[in-house]
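Let's take a walk through this one together. Keep the viewer open as you read.

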Amino acid sequence: MTGTPHIVSDVMTQTVVAVGRDAPFKEIVRTMEQWKVSAVPVLEGEGRVIGVVSEADLLPKEEFRDEEQSLTLQRQRLVDVAKAGATRAEELMSTPAVTVHADATLAQAARIMAVRHVKRLPVIDGIGMLQGIVSRADLLKVFLRPDDEIEEEVRRTVVSYLFPSFSHAIHVDVHEGVVTLRGHIGDSSLISVAVRLARAVEGVVDVEPQLTGESSDPGGRRAHGS
């Protein structure tokens with residue numbers, strides 16, 4: 001992968017296991033077991049996502065098998081009680097579906113997953129049609145970028161951009177995703193900016209600045225990167 005930021009369509013899985021809104025309970029369970037997934041999108045029409053059925057949506061049927069559950073508990077968990085008696089996908093699914101657009105950045109997708117407490121997201125286009133699915137594991141693919149590819153991008157988007165007059169004197173080393181910046185620059189106030197920009201390059205695990213530069217303070221004191 002080259003360029004930054006990467007978007008969901010760069011890493012998503014395009015072959016998606018899904019079910020129709022009328023899919024019966026056992027078919028959903030068999031589908032999950034066959035494809036080793038813990039959730040499936042629910043589609044209608046030509047492929048519009050209307051919900052998601054997860055293992056959590058299926059478990060109430062087993063949980064409420066015991067008829068001696070207290071009435072108070074059942075009132076507190078009316079949704080689970082309803083799902084315990086559900087037999088089709090449209091009755092079981094969580095709706096509206098938590099989705100992401102194909103052109104969203106990986107950071108945006110990661111935030112949706114964290115806020116909504118989901119492990120994967122159906123990927124949709126502008127009219128809600130299913131395009132693929134993206135999982136937590138997919139979002140980590142950027143950390144598989146080769147070190148030399150990360151190094152080239154840091155040189156191009158950070159060093160050459162911030163320090164055009166000093167780029168020849170700045171060394172960029174990348175090992176296991178950790179970027180080390182070494183050299184002398186004209187303005188030490190740009191060291192923190194360089195670190196932030198380098199961290200924003202996808203695939204970067206950490207940045208170790210070993211830069212020195214002239215202080216922009218009136219006193220002209222020399223500053224060192226840490």
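How do the residues of the lining of the largest pocket divide into nonpolar, polar and charged? They come out as 10 nonpolar, four polar and six charged, where Ala, Val, Leu, Ile, Met, Phe, Trp, Tyr, Cys and Pro count as nonpolar, Asp, Glu, Lys and Arg as charged, and the others, Gly among them, as polar.

Before going on, a word on the source: this is a predicted model, with local features needing pLDDT of at least 70 and side-chain atom pairs counting only at pLDDT 80 or more, while totals for chains, interfaces and linings use all residues. Residues are numbered from 1 along each chain as its sequence is written, and side-chain values use heavy atoms, with hydrogens and water left out.

Back to that pocket. Its volume is about 390 Å³, and of the 20 residues that line it, A39, V52, S54, V118 and K119 lie nearest its centre. The elements giving two or more residues to this lining are β2 (39-44), β3 (48-54), α3 (55-58) and β5 (120-124). (A pocket is an open set of points on a 1 Å grid over the protein atoms alone, where a 1.4 Å probe fits, with protein on both sides within 12 Å along at least five of seven lines; lining residues have an atom within 4 Å of a point. The volume is the space filled by probe spheres set on the points, which are joined across faces, edges and corners.)

Two of those elements also belong to an open sheet of three strands, ordered β1-β2-β3 with mixed pairing. β1 (19-20) and β3 are the edge strands with a single partner each, so one side of each has no neighbour in the sheet. β1 and β2 run parallel, joined by two bridges, and G20 has L43 in β2 as its bridge partner. (Strands here are DSSP E runs of at least two residues and helices are H or I runs of at least four, numbered from the N terminus; two strands pair if DSSP finds at least two bridges between them.)

Further along, β7 (residues 171-175) and β8 (residues 178-185) pair in the antiparallel sense over five bridges. They form a hairpin with two residues between them, and E176 in the turn has a positive phi of about 50°. V172 and V174 make up the covered face of β7, with H171, D173 and H175 on the uncovered one. V172 has L181 in β8 as its bridge partner.

Finally, look at α11 (residues 190-200), where I191, A194, V195 and A198 are buried. They sit on the same side of α11 because they cover an arc of only 100° around the axis, taken from the directions from the helix axis to the C-beta atoms. Facing away from that buried side are the exposed R196 and A200. (Buried means under 20% relative accessible area and exposed over 50%, with partly exposed in between, using a 1.4 Å probe and protein chains only.)
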